[in-house]
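Please look over the model below before reading on. Keep the sequence beside you as you go.

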Amino acid sequence: MTPRPSLGLRARLLFAFALLCVVTAASVAGGSYVQARNAILQRTQDAAVQAMTNRLQAHYPLPSAEPGLAELDEIAGAATDQNSIAVAVYREMHAPLAPPLAPSLASPLAPSPGRWRPGERVPILDLGMISPELRQVVASGQTAWQRVVWQGEPFLIIGTPLLIVERARTRMSGIEVYTARSLLPEQRSIDGLATSAWLTGGAALAFAVILALLATRGVLRPVRELGWAARLLGEGEMRTRIVVRGSDELADVAHTFNNTAAELERHVKQLRDMEADARRFVADVSHELRTPLAALAAVADILDEEAAALPEPVGRAARLVSQETLNLTGLVNDLIEISRFDSGVAALALNEIDVAELVRATLRTRGWSESVHTELPSSVTVRLDPRRVDVILANLVGNALRHGEPPVSVRLRVDPDWIALEVLDHGPGLDEAVLPHVFDRFYKASAARARSEGSGLGLAIARENARLHRGDLTVTNAPDGGAKFTLRLPRRAHDPDGDAER
């Protein structure tokens, strides 16, 4: 499964800062808002109840047990002030029935729908504003209040029972007085608190984002520098170092990285020096062996010619010496060729070549024309080094004939920019564990072939020759059995300096 892309470190830090700020601001502002709202409403409520109770206590208990509409109207008038309207209820009666004039003293509230101006008619308290639950509590002899929304405006409804004096005793008169006070000013104050809370939260969020950006910049810059340096180190720039700033944990990481890079550079230099020494040693030994091997080869040829006339044990030994001398000569030649690749002195001698003719010449020279089936389109010309391509084909076809099973075929595939030469056999193929190591030096896949001969350098040299052309050599198992080697070469090969030949 493809891993889901995750948020970057900068985004995660910004999100964490913003979330912390939002939670903190919401908690503080929300708690302050709720406390202030409750305090405002409680203070308004207590003041209204106290004011209503004081106004009624100044004139009552009532002397009459059966009040009429006039008395109810007088009670309602006594309970009404500049900020509230009242209604007095007794059994099926309530007053006032007609709206009274507003007091001449100006109201402290700004005129608005549901409010009144001096000299205007004060609206009558609608009994629909009073809930049955509130009336039930007041009827039981308790003073109670309730906040309601009437016609889109918040109101505080206060209800209280009145007492009458009878035979030096007071008792419930059955009269209930209700006042309605607008809470619109308090609502505006609460809305202002909410707006302030939102503005404070927004300012805190913006401040937190700025702090997060500054913090992430200070944290991520060393991290980005470390990532950049690690990429350069991975690409082979062993002298890469990062600047150490400060003395915090990131500075310790920078110190550790620099120390690791220095130690790695030292080890890589040692390994490169050792590898260069080993390659130079192989090249020197190979060159030194060429002269005595030439002499041995001449002697081996003579022994091989005279082996038939020699007694059988001596003749067999002569033939063995001759064969092993040839093998040793081939190994030394292969080592010299490998040393040229390693030292970077291998070069291409490019020519315009007909690929089909080159393949036929390779097979004809080695006597394989009758053993190998070819599928070669004609008139395919490519600019390449014919000697090196001949070495590649000879190695691939020779391996197929020795280790595979017939029929062996060579096919040519062409496109506008590349050619592909495929060498196939119909043997058992290569084991999956062997495929990644086929082109390794000195690797012999004896378990995957009938037998394993040679030095183990042939396929390695073939691949180096293909890469020298800026191409490649690959191997797979064919679907119908056998191994399939594919040589891909550009139609316009490159010279050793990297410029395309024209």
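1. **Ground rules.** This is a predicted model, where local features need pLDDT of at least 70, side-chain atom pairs count only at pLDDT 80 or more, and totals for chains, interfaces and linings use all residues. Residues are numbered from 1 along each chain as its sequence is written, and side-chain values use heavy atoms, without hydrogens or water.

2. **Whole chain.** The chain has nine helices and 12 strands. These are DSSP runs, numbered from the N terminus: helices are H or I with at least four residues, strands E with at least two. Of its 502 residues, 35% count as buried.

3. **Contacts.** A contact means heavy atoms within 4.5 Å. Take contacts between residues at least 6 apart in sequence: 62% of them join residues at least 24 apart.

4. **D390.** Find D390 in helix 8 (residues 386-403). Is D390 buried or exposed? D390 counts as buried because its relative accessibility is 18%; buried means under 20% relative accessible area, exposed over 50%, partly exposed in between (1.4 Å probe, protein chains only).

5. **Partners of D390.** Leaving out residues up to four places away in sequence, D390 touches T362 and R366. The side chains of D390 and T362 also make a polar contact, at 2.7 Å. Such a contact is a pair of N or O atoms within 3.5 Å; within protein, one must be able to donate a hydrogen and the other to accept it, and residues adjacent in sequence count only if both atoms are side-chain atoms.
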